[in-house]
Amino acid sequence: MSLQPTPSKLNISKKKSNKAGEPLTVRMYDVGFGDCFLLLIPKPDGKKYKVLFDCGSIKLGENSKSMKEMVKLVIKEVKDTSDGSPRIDVLVATHRHKDHISGFDDPAWAEVEVGEVWMPWTEKPNDPKARKIRELHARLAENLVNRLKVAISDDSTNMAAKSSFEMAMNAMSNEGAMNTLYNGFANDPQMRYLPEENASATWFTTPTLPGVTINVLGPSHDPDVITEMDPPAGQSYLKMVNSELNETMMHPLPFRKDWAITPDEYQIKYPFLFNDLSNDDRKYLELASFGMDEGMASVLDRALNGTSLVLVFQIGKAVLLFPGDAQWGSWHLALDNPDLRKLLKTVTFYKVGHHGSHNATPVEFVQDIMGKNVLAMISVNPTSNWPMVPKEDLITELQKKEGCKIARSDKPEEAVHAGFTLIGEGVIEAQVPI
Amino acid sequence: MERLNSKYITAHPIRRPLRIFASDPMQARNPGNRITIEIQNEEVESGPKGSRIEVIDYDGARGCFYPPVDLNDKDILMLNGLEPAESDPRFHQQMVYAIAMRTLENFEYALGRPIEFYKSKTKPRLRLFPHAFYGANAYFDPGLNAILFGYFCADPIDPGPNLPGQIVYTCLSHDIIVHEFTHAVVNRLRKNFIEPTNPDVLAFHEGFADIVALLQHFTFQDILTQEIQKTHAKINTGKSLIELAQQFGYATGANQALRSAINTGSDAMPKRLSPVILEVHERGSILVAAVFEAFFNIYQRRIQDLIRIATSGTGILPSGDMHPDLVNRVAKEASQTAKSILNMCIRAFDYMPPVDITFGDYLRALVTTDYELYPADENGLRGAMIEAFRARGIYPEKVVSLAEESLIWEEPIELPWLDPEKIKWTNEFYTVARNFRPNIINEDVSQKKAPTSSANYKLDNEDDPDSYLAKSLHKYAMENARNLDLDPEHPIQVSGFHTSFRVTPTGQLQTELVVQFTQKDDTETEKMGGIPLRGGTTIVVGTDGRIRYLISKPLPSASLREDARKRGEQRLDRQRAYLAATDLKDPQMAYGDQNYLSQRSKMRMRISALHQGVNS
């Protein structure tokens with residue numbers, strides 16, 4: 001693992017930016033419950049490099065436009081000033097959850113030229129390790145959706161099942177969107193699956209974005225992080241439900257049929273045993289085979305979030321942290337690495353992970369690592385299924401930090417009050433000094 | 001004819017032989033795997049339904065019952081129990097019952113007193129459900145007062161030595177039965193050990209359950225001799241001995257046994273305890289590895305002379321088979337060593353705090369208990385144990401060194417002695433002596449009660465807070481709260497007391513009264529996810545009434561002594577930090593609602609969640 005780039009290197013990039021002091025901008029699109037961020041970096045010739053982070057939603061907010069309109073808006077925004085054709089220099093799909101990529105399931109992208117597409121290594125088509133993880137996620141999502149659908153139709157008031165169902169739906173494979181990312185733009189973009197296994201450094205540069213150093217903090221190839229993405233629980237869960245997908249929808253018989261006795265018969269023959277098992281206890285045992293769907297849905301959700309690409313862009317003085325929906329595994333590795341810890345201390349812009357949920361931003365990062373005057377953006381729209389997203393405590397903690405400014409996509413007025421700019425309906429802009 | 005009525009003639013056999021799989025059906029082809037073990041002969045109905053354990057074969061996945069085995073059936077008796085068979089549910093019931101009883105016996109032997117499970121009117125016994133549900137899991141459920149075993153289909157693609165898709169029964173794995181049953185016993189001995197108040201608590205539950213399962217392997221003579229022959233007495237390489245739940249592991253496609261006694265690091269660099277290891281099984285496996293290493297070292301020491309005798313003094317075994325006599329002698333040493341380590345590990349419970357256990361506390365309890373019985377440490381057991389714990393970074397808090405005398409719990413000099421006459425302790429002696437199991441079947445035959453009405457079956461005073469002794473102990477605690485590190489501002493509960501009897505190597509009867517006091521502070525319970533901050537103290541009293549040991553976990557209270565208060569504050573901080581750390585790893589935290597938040601610790605403490613099944 002090599003050291004971080006030296007400051008002198010960063011100074012060079014600063015010289016390259018044209019007008020001294022012109023800030024780079026980050027735009028947050030109100031997509032309801034989802035993520036869509038556009039990073040605009042000033043070029044020496046007055047134009048801008050354009051980097052898009054995700055474009056997806058699973059539930060529109062009250063004031064959000066439709067996803068189709070949002071996509072239109074983004075594409076309009078990235079039109080090159082000289083020839084009017086839309087071009088994105090780098091397109092980042094942090095992970096394959098619907099709320100991050102559903103917007104790519106749209107033919108409009110076919111006219112967009114893209115320089116590079118970056119995805120986590122778990123999306124690399126021919127990597128066997130990656131494929132195994134993807135297959136697990138897809139099978140889990142499918143099984144959960146099927147089973148939870150039944151649970152909800154049986155009992156429409158079952159909130160836990162509803163919330164889990166939403167989670168599983170979010171994880172369902174997104175063929176249309178993935179096709180666009182792999183093969184649906186105007187040109188054939190360069191694909192990068194990050195970080196590369198055995199990469200010599202945790203950072204790289206690309207001619208597509210001169211003057212920008214990109215640090216890749218996750219998802220690691222470290223076995224601990226892989227366990228988070230490929231939880232052993234997932235395999236055992238599948239084993240459990242697999243047989244159920246058989247035509248019978250019944251569990252296999254553990255013994256020859258003629259061993260079984262009905263409860264009535266048993267009660268007559270063996271009352272001294274039957275009476276030691278109340279009806280409630282029997283019901284409880286009947287549920288023991290089924291109680292795991294809800295827990296599994298959140299395990300899967302975390303597993304998929306764990307594949308999130310975690311990037312830190314260094315552009316002059318600006319240090320932008322885009323953690324996707326990264327979970328404990330990636331954070332933990334980064335916080336344990338003294339070099340990356342140092343880097344995180346310099347962050348000036350933070351895309352708050354996972355819509356401000358509890359596990360996506362360690363308290364340690366906010367309290368001990370984050371510096372002063374950080375601009376934070378949270379793309380979120382509270383939904384009744386998940387009342388704890390965003391987590392109020394996290395927002396309070398961020399507010400306590402000196403000079404920290406927070407913009408929430410669902411509260412544009414507050415963002416303006418905090419010093420962000422509202423540029424059109426549903427688009428909040430942060431200006432990050434270089 | 002009078003002779004026929006004599007005690008000698010009418011006495012029932014003391015032991016009942018029953019057949020089991022020594023490991024699990026995957027090893028069925030191995031001749032040492034089908035064995036007969038002996039358990040206490042108690043009155044048993046179909047089920048089997050004994051006085052404390054009953055097997056009810058209800059299949060929750062299919063909503064049906066399977067017929068119970070009648071162990072008193074003439075044909076079955078003649079066969080020493082049913083022949084091991086996967087296809088016969090009655091054999092499954094027999095095996096679960098036999099192994100549970102054997103494990104219970106090991107506990108009672110080591111503790112020197114009978115163990116009675118929690119019971120209520122509707123749940124008078126610990127219930128074992130051999131085919132409770134469909135799933136690759138098994139667990140002890142305290143609410144149901146039951147152990148639930150699942151069954152599942154082996155991995156269709158990677159089943160290891162199993163048949164692809166074959167049904168695997170967790171209730172046919174010796175290790176799984178012992179492991180789950182041990183959870184039930186530990187829960188009986190220390191009911192607060194399922195509250196995750198620090199990283200070690202649940203890991204202790206898991207690790208300890210594995211230790212008991214592992215050490216019981218060494219009581220099976222046939223497997224033991226086979227492995228000694230196969231490995232040339234290097235039993236730490238014998239898979240059948242050191243691996244846990246082989247079939248379960250392979251059948252789930254893991255391509256290995258569920259767990260192993262030594263899979264943690266290398267000999268030179270064993271895996272060490274660290275604050276980032278939070279997964280309970282992983283953390284528990286470090287405890288298992290430490291105990292196993294101590295066992296293995298003592299074993300090696302004990303067979304050195306045998307090997308030298310057999311090799312004309314070289315100590316180096318020639319290649320080829322070992323002499324069968326030597327194998328048998330080595331096996332004897334191995335099983336005796338395992339037995340003494342198992343006893344030591346179980347006896348340590350009498351010297352453990354009532355709440356918030358750490359691995360370090362456990363080491364101190366081990367050292368204290370062993371010192372009490374064998375002050376000289378002739379076998380080097382304590383030394384080996386201390387060294388193995390040290391090598392894995394398991395250090396007790398607040399000790400100046402790892403020397404034996406600083407590890408032994410302190411004797412509280414400030415505390416006044418209890419007056420054994422005044423508290424009527426001696427009344428207990430008779431109760432315990434009378435209720436020790438082997439006597440029951442022979443002495444009570446004439447006035448035996450129907451097994452369902454076990455209500456007046458009062459073996460254990462831990463259930464009886466109204467007894468005179470309990471009241472006297474409570475009074476003592478109130479009068480001496482501060483010196484017992486108990487907070488006078490919070491109610492004090494006498495949550496357990498018992499008398500234990502042991503015979504020391506010098507033939508003396510050692511009698512002790514072990515009392516647990518607990519108290520709780522509910523101010524942060526909701527914040528802590530549903531579990532309170534608990535404090536508590538265990539005292540060990542000698543027959544003279546002297547308080548020989550004080551093992552305390554104080555609350556952070558200003559009314560306590562300076563040192564105790566500080567320890568209380570540290571415990572509170574530790575509990576908070578542990579909660580924060582587990583929150584970050586809990587996938588449900590992202591979406592949990594307020595109700596989940598206020599109950600989350602409780603949810604995590606379900607023993608069912610302790611298993612590497614679907615609950616990860």
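View 1. A:R341 is partly exposed, at a relative accessible area of 25% (buried means under 20% relative accessible area, exposed over 50%, and partly exposed in between, using a 1.4 Å probe and protein chains only). A:E364 is also partly exposed, at 31%. These two residues form a salt bridge, with their closest N and O atoms 3.0 Å apart (that's a side-chain nitrogen of Lys or Arg within 4 Å of a carboxyl oxygen of Asp or Glu). The pair links distant parts of the chain: A:E364 sits in helix α15 (residues 363-369) of chain A and A:R341 in helix α14 (residues 338-345), 23 residues apart. Helices (H or I, at least four residues) and strands (E, at least two) are DSSP runs, numbered from the N terminus.

A quick note on what you're looking at: this is a predicted model, where local features need pLDDT of at least 70 and side-chain atom pairs count only at pLDDT 80 or more, while totals for chains, interfaces and linings use all residues. Residues are numbered from 1 along each chain as its sequence is written, chains are lettered from A and ligands numbered from 1 in the order in which they are written, and side-chain values use heavy atoms, leaving out hydrogens and water.

**View 2. A:K129 meets A:E197.** Here the side chains join in a salt bridge, 3.1 Å from N to O. A:K129 belongs to helix α4 (residues 128-154) of chain A and A:E197 to the loop between β6 (190-194) and β7 (203-204), so the pair ties together parts 68 residues apart in sequence. A:K129 is partly exposed at 32%, and A:E197 is partly exposed at 42%.

**View 3. B:E282 and B:K271.** Over in chain B, this salt bridge brings the closest N and O atoms to 2.8 Å apart. B:E282 is in helix α9 (residues 280-310) and B:K271 is in the loop between β11 (259-260) and α9, so parts 11 residues apart in sequence get tied together.

**View 4. Where chain B touches chain A.** In this view, 66 residues of chain B are in contact with 50 residues of chain A (contact means heavy atoms within 4.5 Å). How many salt bridges are there between chain B and chain A? The count is three, and A:D276 forms a salt bridge with B:K49, with the closest N and O atoms 2.7 Å apart. On the chain B side, strand β6 (residues 126-134) gives the largest share, six residues.
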